[in-house]
Amino acid sequence: MTCIACEAKPPGGAIFAGEQWIVEHTIGTLGVGTLIVKPRRHVVHVGELTDAEALELGPLLQRAERVVRELTGADQVYVCLWSHMHREPGHIHFVVQPVTKALMAEHDLYGPELQVALFRAGVEPDEDAAVAFAAAARDRW
């Protein structure tokens, strides 16, 4: 099976590439400013992270959240683990997604239901805007 997390070509390239983790702008329908934090190696379960990967993860998620919030002015930034592909466990990755009151009002939803609605709507973000966000995030990093 193909691993989208391993093979993705995100808009704007890597924002951060550490020894253990990579941060990129997401592909898909979660909007401009949504980042993916993924381990460099293909890992399916959080419990399978090495000690080095686990030690780097907390501060990395904290930094990614701050960068997203500062650049977007989001009211909240969702940080959640995703890992399924075609109903099978896949490469773990953390989604760092800016959420505004306007976005929640537009869909009359919040939390996981908002994310599902965004996927179902299928609206891809403007690629130029995603590339520009990735560049701004890299500069801010």
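Two strands are taken as paired if DSSP finds at least two bridges between them. Helices (H or I, at least four residues) and strands (E, at least two) are themselves DSSP runs, numbered from the N terminus.

A word on the model comes next. The model is predicted, and local features need pLDDT of at least 70, with side-chain atom pairs counted only at pLDDT 80 or more, while totals for chains, interfaces and linings use all residues. Residues are numbered from 1 along each chain as its sequence is written, and side-chain values use heavy atoms, with hydrogens and water left out.

Now to the pairing inside the sheet. β2 and β3 run antiparallel and share five bridges, and here W21 has P39 of β3 as its bridge partner. On to β5: three bridges tie β3 to β5, again in the antiparallel sense. β4 and β5 form a hairpin with two residues between them, and H86 in the turn has a positive phi of about 55°.

How much of β3 is buried (under 20% relative accessible area, where over 50% is exposed and anything in between partly exposed, with a 1.4 Å probe and protein chains only)? Five of the five residues of β3 are buried. Both faces of β3 are covered, with L35, V37 and P39 buried on one side and I36 and K38 buried on the other. β5 is mostly covered too, 10 of its 12 residues being buried.

Contact here means heavy atoms within 4.5 Å.

α2 has a helical partner as well. It packs with helix α5 (residues 127-140) at an angle of about 120°, the two axes being 10 Å apart. α2 and α5 are therefore oblique to each other; angles under 35 degrees count as roughly parallel, over 145 as roughly antiparallel, 65 to 115 as roughly perpendicular and the rest as oblique. The contact draws on V67, V68, E70, L71 and T72 from α2, and on F133, A136, A137 and R140 from α5. By type, the residues of this contact are six nonpolar, one polar and two charged. Nonpolar covers Ala, Val, Leu, Ile, Met, Phe, Trp, Tyr, Cys and Pro, charged covers Asp, Glu, Lys and Arg, and the others, Gly among them, are polar.

Leaving aside neighbours within four places in sequence, Q20 is in contact with K38, P39, R40, T50, A52, E53 and E56. L55 belongs to helix α2 and is exposed, at 67% relative accessible area. L55 and I36 are 19 residues apart in sequence, and their C-alpha atoms are 18 Å apart in space.

C6 lies in helix α1 (residues 4-7) and counts as partly exposed, with 41% relative accessibility. Its C-alpha atom is separated by 7.1 Å from that of H42, 36 residues away along the chain. With neighbours within four places in sequence left aside, C6 is in contact with K38, H42 and H91. Finally, D108 is found in the loop between α3 (101-107) and α4. D108 has a positive phi of about 55° although it is not a glycine, and D108 is exposed, with a relative accessible area of 67%.

How values were computed: Axes fitted to C-alpha atoms, helices over the stretch in contact; angles between N-to-C directions.
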